[in-house]
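Please read them with the structure open.

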Amino acid sequence: MVQSGQITMQELAQIIVETSSKQRKEFQDENLVLRLCCEEPDAQPRVIAERYNQLAKGAPKNGNDIIRVFRRCKLDRISERISLLKKGRAISQQILEALEANDAAILDGVSSELDAHVQFRRIILLSLAPAWKSSLPSNAYQNLLRLNRDFAGECLDAILDLIAVRGKTKANRQGHLDAEAYEDEIFRLNNALTRANNLVTRLQDSYEEQMLEMRAEEEARMISMLNSEKYGYILDLLVSAQNGFRLLRKKGPIPFEIKSVQSLVRRLMEFVEDCDVVPILEIGERLSVRANEIDGYLYDGTPFASSDDTKQVEVISPGWKVFEKDIVISYPRVKELEKEAIR
């Protein structure tokens with residue numbers, strides 16, 4: 001039967017632990033990144049990476065690692081991500097108020113906003129995590145931080161249903177309708193069934209999506225090795241070699257001894273083009289870059305003074321992407337220009 005009275009942290013802990021027990025894989029690493037973003041939506045990826053490295057054990061992350069997490073979670077559009085994070089924080093505050101006041105009416109209209117993004121329920125739940133950290137049993141808090149987007153959504157829906165049921169019970173008690181307790185139980189069971197059906201649907205969609213993403217990621221991983229630091233930025237070297245052969249041709253015939261190298265470079269560039277890999281910028285191009293735009297570059301230069309600070313930079317590596325699939329293999333590397341060079 002549905003209990004009456006205010007919802008306790010023990011009840012919330014039970015929901016979290018039971019939901020977590022249905023999930024095999026753990027997502028603490030990804031959730032820590034997203035939780036830090038929830039705490040400061042406007043923070044740049046490199047700032048999130050610094051805070052992540054202070055809290056997490058194991059391999060450190062840089063700004064590009066954080067961007068990869070955003071891309072994996074479909075949060076790579078900066079303005080959309082910031083808007084979702086801020087809205088998630090606002091809704092999490094409404095949930096805390098509803099729990100404190102034991103008043104479901106505070107959450108009127110919230111359910112219509114939950115499908116704004118595939119990660120939105122997860123963002124809301126992670127926004128609640130700091131407020132609950134000291135109150136939840138440690139095992140429940142850790143279980144909350146291991147949930148992926150689908151089970152985080154199931155967990156949040158269960159919490160919202162509990163608030164709605166408890167609020168309905170409170171209203172019945174105030175209206176002297178205690179005899180309706182069985183209807184409350186039916187209401188709770190129907191909500192549980194709806195949540196289970198929604199979870200199955202989300203998992204099916206997620207499975208198909210993940211299969212496509214895994215295939216795309218594997219393709220991108222194979223191609224990205226062509227421009228990794230480990231192998232000396234092969235794609236950049238091909239462009240450099242191609243430019244070098246152009247200069248040689250202007251000076252006269254290409255020496256016979258290196259014609260085979262020229263053919264190799266040409267064939268490799270054809271392979272790259274057939275894979276739909278294209279440069280993002282041109283080497284030598286000069287740009288004005290703001291601090292809040294630097295996420296899309298590998299920047300070499302002095303620190304930005306503020307988010308509105310602008311630097312003059314030169315492209316030293318074009319960056320590469322799979323054009324059709326809009327998958328970034330490597331970001332353009334840019335170097336700050338000295339004041340004398342700008343003049």
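**Notes on the predicted model**

1. Glu30, Arg72 and Arg122 are linked in a network of salt bridges. A salt bridge here is a side-chain nitrogen of Lys or Arg within 4 Å of a carboxyl oxygen of Asp or Glu. The cut-offs are under 20% relative accessible area for buried, over 50% for exposed, and partly exposed in between, with a 1.4 Å probe and protein chains only.

2. On provenance: this is a predicted model, in which local features need pLDDT of at least 70 and side-chain atom pairs count only at pLDDT 80 or more, while totals for chains, interfaces and linings use all residues. Residues are numbered from 1 along each chain as its sequence is written, and side-chain values use heavy atoms, with hydrogens and water left out.

3. Overall content: the protein has 12 helices and 7 strands. Both are DSSP runs numbered from the N terminus, helices being H or I of at least four residues and strands E of at least two. Of the 343 residues, 41% count as buried. Among contacts (heavy atoms within 4.5 Å) between residues at least 6 apart in sequence, 70% join residues at least 24 apart.

4. The search of the whole structure finds 17 salt bridges. One of them joins Asp29 to Lys61, the closest N and O atoms being 3.3 Å apart. This pair also links distant parts of the chain: Asp29 lies in helix 2 (residues 28-39), and Lys61 in the loop between helix 3 (45-55) and helix 4 (63-72), 32 residues apart. Asp29 is partly exposed, with a relative accessible area of 33%, whereas Lys61 counts as buried at 18%.

5. A local pair is found in helix 4. Arg68 forms a salt bridge with Asp65, with the closest N and O atoms 2.6 Å apart. Both residues lie in helix 4, 3 residues apart, about one turn of the helix. Arg68 counts as partly exposed, at 42% relative accessibility.

6. Arg121 belongs to helix 6 (residues 120-132). Arg121 is buried, with a relative accessible area of 13%. In sequence, Arg121 and Ala152 are 31 residues apart; in space, they are 6.6 Å apart, C-alpha to C-alpha.

7. What span should helix 11 have at 1.5 Å a residue? The 16 residues of helix 11 (residues 259-274) should span 22 Å, and the end C-alpha atoms are 23 Å apart, which agrees. The expected span is 1.5 Å times one less than the number of residues. Helix 11 is followed by Asp276, whose phi is positive, near 65°.

8. Which residues of helix 11 are buried? They are Gln262, Val265, Met269 and Val272. They cover an arc of only 85° around the axis, which puts them on the same side of helix 11; the arc is that of the directions from the helix axis to the C-beta atoms. The buried residues of helix 11 pack against helix 10 (234-251), strand 1 (277-279) and strand 5 (320-322). On the other side of helix 11, Ser260, Leu264, Arg267 and Asp274 are exposed.

9. The sheet is open, with 4 strands in the order 2-4-7-3 and mixed pairing. Its edge strands are strand 2 (286-290) and strand 3 (298-300), each of which pairs on one side only. The twist averages 40° from one strand to the next. Axes are lines fitted to C-alpha atoms, for helices over the stretch in contact, and angles run from 0 to 180 degrees between N-to-C directions. Two strands pair if DSSP finds at least two bridges between them.

10. Leu287 stands opposite Val313 in strand 4, and Val289 stands opposite Lys311 in strand 4. Strand 4 also pairs with strand 7 (residues 333-336), in the antiparallel sense over 4 bridges. Here, the bridge partner of Glu314 is Lys335 in strand 7.
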